[in-house]
Amino acid sequence: MIPIPSLFPLCSPVQNPKYEFKIRNTNLETWKVKTMYQLEDVTKTYERRGQTVTALANSTLSLAEGEFVALVGPSGSGKTTLLSMLGGMLAPTSGRILLGEDSLYDLSVADRTRLRLERLGFVFQSFNLIPWLSAVENVQVPLSLAGKSAAEQRERACDLLDRVGLSDRLEHRPSELSQGQQQRVALARTLANDPKIILADEPTGNLDPASREVAMDYLSGFNAEGRTIVMVTHDEFAAGYATRTLRLVNGVVSDETHAAKAA
Amino acid sequence: MNLRSLIWKELRQRPTPMMTSLIAVTLGVTALVAIQNITVFSEQAIAQKMENLGANVLVLPQSVSLQDYYAADMHGQTMPEANVTQLALARLPGVQNLAPKLCVSASVDSIPITLTGILPKSEFQTKSSWQGLALLSNSVGSDRGCCETTGADVSNDNDPASLATTRTIQQLGKDEVIIGSDLAAQLGTKSGDQLELFGEEFQVLAVLPATGTIDDGRMFAHLHSVQRLSDSGPVVNVIEIMGCCEDAAGSLISDLSSLLPETKVITIAQVVETQVAVNSLMSRMSWVFFSILLLVGGASIASVMYANVAERRREIGTLMALGATPGYVTRLFLGKATILGVCGGVGGFIVGTILAAILGPQLLGVAVQPMPVLLGVGLVTASIVSIAASYLPARRASGLDPCLCFSES
């Protein structure tokens, strides 16, 4: 196991974030948890070649603040569609999606864009680094979009890359980094504007087992800081890090965690 | 990291697709700058010529056509020298001076030269004295018909170097020569030196100051010496008539045509009208070339930008997911177009100016200087074309679905 420097000295008393939290529970009788996302009868359909394809069907669910949610299901089941809708990038055909107090798709495009900039972070399967920018410049991109000064950008980017163990690769381009290192740069970029929510689409899909574990340990650490994580994954190992699992089959969401507990 | 650095880095990383577009834009501006530069300075030279020689009239053999005033005697055809005597004795109104010329080829120290025979004014005064007209101040014409605007200043004809400006000379011995500045430098001669022409010794009376015309490369000798040495007989190539003002020059034409019906009489305005027409055509054509090349460049930029948008779809989707607004994405591409336009405008101005500096003297015999106004014109139009051509691709980029960031490569 690759040792990871302590990223979160001020985090919760739970020392090993890999294991299931004992205190988080959506049973409102014992613990009131703030809702981060609320989906109200959300449906998403596409018209393709004269046929209607239902990506998400009448979904109603809540995602609490600080949850680590895994979205699992077969290919084409609507996982990425749901993730896109949570990210404010894909409006539902019907229904509402609330992010905190705001109805996400009643906001303007500009407001949703600002919301993504300030409150959301993304992790992608293919890392989506800009190939002609160095590692530190890639991390600076969201800081630049947020209007930070050049000095602030540089300082914060260097700090984040140092935390993911890449302080010696600041000026390297993505093509000069391994896939594991590229994903760590992407993780550093995700944290650039200190998002409260991280949406991850198959973050371990292109990683070897060792890098996979490193990436998941980082994500788990982010969650331990209080960030809400929604992660689409096919990887059982990655899904094991989550505190809650939602399964999508043919556009229908079922909560496997609750089902398992009920059983 | 900011928008400008993002644009520059991407351009530096992928310069090749933009190069063809940039070349087309640069060529368009180059064509405009080069041609406009040459035509403007050519027009200035013509205007200067008109100012200096506007009152002058040329009498030429009937079949001669003329492009350059200063090469009026270099066509090889001749007419009788008797025409000169006729003109001098006619004492036409508005005539200040007569300058008949005969141009032959010669060599000095095996260096080929153009030898021009000219008749000093003293010869006319001699003729006038034979006619009993010695008391008159002007031996070749009268000041009837003269206006306030004068032609060449003839007050200093006694100085041999006045030939450069007044195109006449008071005295020139039959064994004396006057050399143009460029030819003197080439031969290494100066005033007072001796040189050999057609086997005879001549003394250099003066070296003319530089005039910027072909006279700088000529040697001038007495007309009758040149006729004798070249065995051409009593003939001349041209009779240059210096009028007292442009108005008188116009009325001289009919008098001269009546007096010398077997010759061609033309004014400076007629000499330069061909060049004026050429300049006008070149100026119009420069705008045509400019427009065509810019349109080609614009189409190329649009094509390359569309391809660039398609190539960067996932990158654009990622930027939007990270918080880039559609306006930011639009500025990303329009900023790139602006840089292309500016580079094309500046590059085209530099290349066009250099081209004009090389071709101006060769094509039209004019020296050109950089014209800053053309930099502004090139810069603005190239930038506008680049931005306009990139507008639709930029709009397409800004309208891309951010969900592209989730697509696999």
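Predicted model: local features only at pLDDT ≥ 70, side-chain atom pairs only at ≥ 80, totals over all residues.
**Group meeting: a buried helix, an interface and a sheet**

Helix H3 of chain A has buried residues, and what covers them includes H2, helix H4 (150–163) and helix H5 (179–190) of chain A, together with helix H10 (313–322) of chain B.

How many of the 11 residues of H3(A) are buried? The count is 11 of the 11, so the helix is largely enclosed by the rest of the structure. The buried residues include A:Ala135, A:Val136 and A:Val139. After H3(A) comes A:Gly147, with a positive phi near 85°.

Now the contact between the two chains. Chain A puts in 27 residues and chain B puts in 20 residues. On the side of chain A that touches chain B, three helices each supply at least two residues: H1 (79–86), H2 (109–119) and H3 (135–145). Which element gives the largest share of that side? H3(A) does, with 6 residues. By class, the residues on this side of chain A are 14 nonpolar, 10 polar and 3 charged.

Next, each chain as a whole. Chain A has 8 helices and 10 strands. It has 263 residues, and 46% of them are buried. If we take the contacts in chain A with a separation of 6 or more, 71% are between residues 24 or more positions apart. Chain B has 12 helices and 13 strands. Of its 409 residues, 45% count as buried. For contacts in chain B between residues at least 6 apart in sequence, 83% join residues at least 24 apart.

Let us stay with chain B and look at its sheet. This is an open sheet of 9 strands with mixed pairing, and the order is S8-S9-S7-S10-S5-S4-S12-S1-S13. Which strands stand at the edges? They are S8 (194–197) and S13 (263–267) of chain B; each has a single partner strand, so one side of each is left without a neighbour in the sheet. On average, neighbouring strands in this sheet are turned by 35° against each other, direction ignored.

One pair in the sheet can be followed residue by residue. Strand S4 (residues 95–108) and strand S5 (residues 111–118) of chain B run antiparallel and are joined by 8 bridges. For B:Ser107, the bridge partner in S5(B) is B:Pro112. A helix also packs on the sheet: H3 of chain B, residues 82–90, touches strand S1 (56–61), S4, strand S12 (238–243) and S13 of chain B. The direction of this helix makes about 160° with that of S4(B).

Last, a helix pair in chain B. Two packed helices are described by the angle between their axes and the distance between the axes. Here the pair is H11 (residues 326–363) and H12 (residues 372–398) of chain B, packed at an angle of about 155° with their axes 7 Å apart. Are they roughly parallel or roughly antiparallel? That angle makes H11(B) roughly antiparallel to H12(B). The crossing in which H11(B) passes H12(B) is right-handed. The contact of H11(B) with H12(B) has 19 nonpolar, 11 polar and 1 charged residues.

Terms used. Residues numbered from 1 in each chain as written. Chains lettered and ligands numbered in written order. Contact = placed C-beta atoms within 7 Å. Helix = DSSP H or I, 4+ residues; strand = E, 2+ residues; numbered from the N terminus. Nonpolar A, V, L, I, M, F, W, Y, C, P; charged D, E, K, R; others polar. Pairing = 2+ DSSP bridges. Axes fitted to C-alpha atoms, helices over the stretch in contact; angles between N-to-C directions. Parallel < 35°, antiparallel > 145°, perpendicular 65-115°, else oblique. Left-handed = near helix turned anticlockwise from the far one by under 90°. Buried ≥ 20, exposed ≤ 12 C-beta atoms within 10 Å, placed from the backbone.
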